[in-house]
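User: I am new to reading structures and would like to know what stands behind the words used for them. Please take the terms one by one.

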2 protein chains.
Amino acid sequence: MNNIQRTEAFISAWERCDIDAIIRAVANDIFYHNIPMAPIIGAEALRAFAMPLLTGAEHVEWEMHHIAESNHGAVLTERTDRFRLANGKSVTIRVMGTFEFDGNGKLKQWRDYFDFAEFESQMAS
Amino acid sequence: MNNIQRTEAFISAWERCDIDAIIRAVANDIFYHNIPMAPIIGAEALRAFAMPLLTGAEHVEWEMHHIAESNHGAVLTERTDRFRLANGKSVTIRVMGTFEFDGNGKLKQWRDYFDFAEFESQMAS
């Protein structure tokens, strides 16, 4: 499996709301940074962050517009991430993100760039 | 010149504050979207947007962290864009952007993703 396939499989785990597959795919010391927010460090912190999102979601779809791997193995993505929540709300985030893997193929660095106000206004509405 | 080199040359023109080189590199109908803001459509609208930024800047440096080209020719970048303004202010924006070119090698689509509040708070400070 190459790094683009690893990234696609990781996103697929999010779309299936499969928290165990998400955690299996990451390094224990993963550094996950939603750039406008505080970084999340470590697999257990990622689990604690992801659980309420995934258990509150009826449908998750991260549409991939472009995906590319750099000469250094970093995978860059341009996406539209959609969450339909159990309470009927929908949240749509336009986002780009970088995924970097360690020598064992585990995700060690993940940075997502988006406009925080776009996210927050939908969560509040 | 391939699309990664075109993107690097375009960013280099921004760093030199060379508005003519910027405009030469883009299609007449360029669609330039800073995602949290209204899209800018057309080379002349891009010139009108860029001029005050570049004439007000003492030093422009867009640090490239990662750059990669997709199988479909789109170039994805992860950057830190720094502007030091003539009035002494500095503006630093953490950003990812996608660059797409037409058959003549002109930039036709450019989308930059960043947190608008991060930009706005520095402009205001």
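**Terms and the values behind them**

User: Why does B:C17 count as partly exposed?

Analyst: B:C17 has 18 C-beta neighbours inside 10 Å. A residue is buried with 20 or more other C-beta atoms (placed from the backbone) within 10 Å of its own, exposed with 12 or fewer, and partly exposed in between. The value 18 falls in between, so B:C17 is partly exposed. A:C17 has 19 such neighbours, and therefore counts as partly exposed too.

User: What kind of model is this, and how are its parts numbered?

Analyst: It is a predicted model, in which local features need pLDDT of at least 70 and side-chain atom pairs count only at pLDDT 80 or more, while totals for chains, interfaces and linings use all residues. Residues are numbered from 1 along each chain as its sequence is written, and chains are lettered from A and ligands numbered from 1 in the order in which they are written.

User: What confidence values does the model carry?

Analyst: Chain A averages a pLDDT (the predictor's confidence in each residue, from 0 to 100) of 96, and 99% of its residues score at least 70. The model has an ipTM of 0.96 and a pTM of 0.96.

User: How do you know that the length of α1(B) agrees with a helix?

Analyst: A helix is a DSSP run of H or I with at least four residues, a strand a run of E with at least two, numbered from the N terminus. The expected span is 1.5 Å times one less than the number of residues. For the 13 residues of α1(B), residues 3–15, that gives 18 Å; the end C-alpha atoms are 18 Å apart, so the two agree.

User: Which residues of α1(B) are buried, and what puts them on the same side?

Analyst: The buried ones are B:T7, B:F10, B:I11 and B:W14. They cover an arc (taken from the directions from the helix axis to the C-beta atoms) of only 95 degrees, and therefore lie on the same side of α1(B). The face turned away from that side carries the exposed residues B:Q5, B:A9 and B:S12.

User: What makes β2 and β3 of chain B edge strands?

Analyst: Two strands pair if DSSP finds at least two bridges between them. The open sheet runs β2-β1-β6-β5-β4-β3 in chain B, with mixed pairing. β2 (40–41) and β3 each pair on one side only, and these are the edge strands.

User: In which sense do β3(B) and β4(B) pair?

Analyst: They pair in the antiparallel sense, over 11 bridges. B:E63 stands opposite B:T80, and B:W62 has B:D81 as its bridge partner. Five residues lie between the two strands of this hairpin, where B:G73 has a positive phi near 90 degrees.
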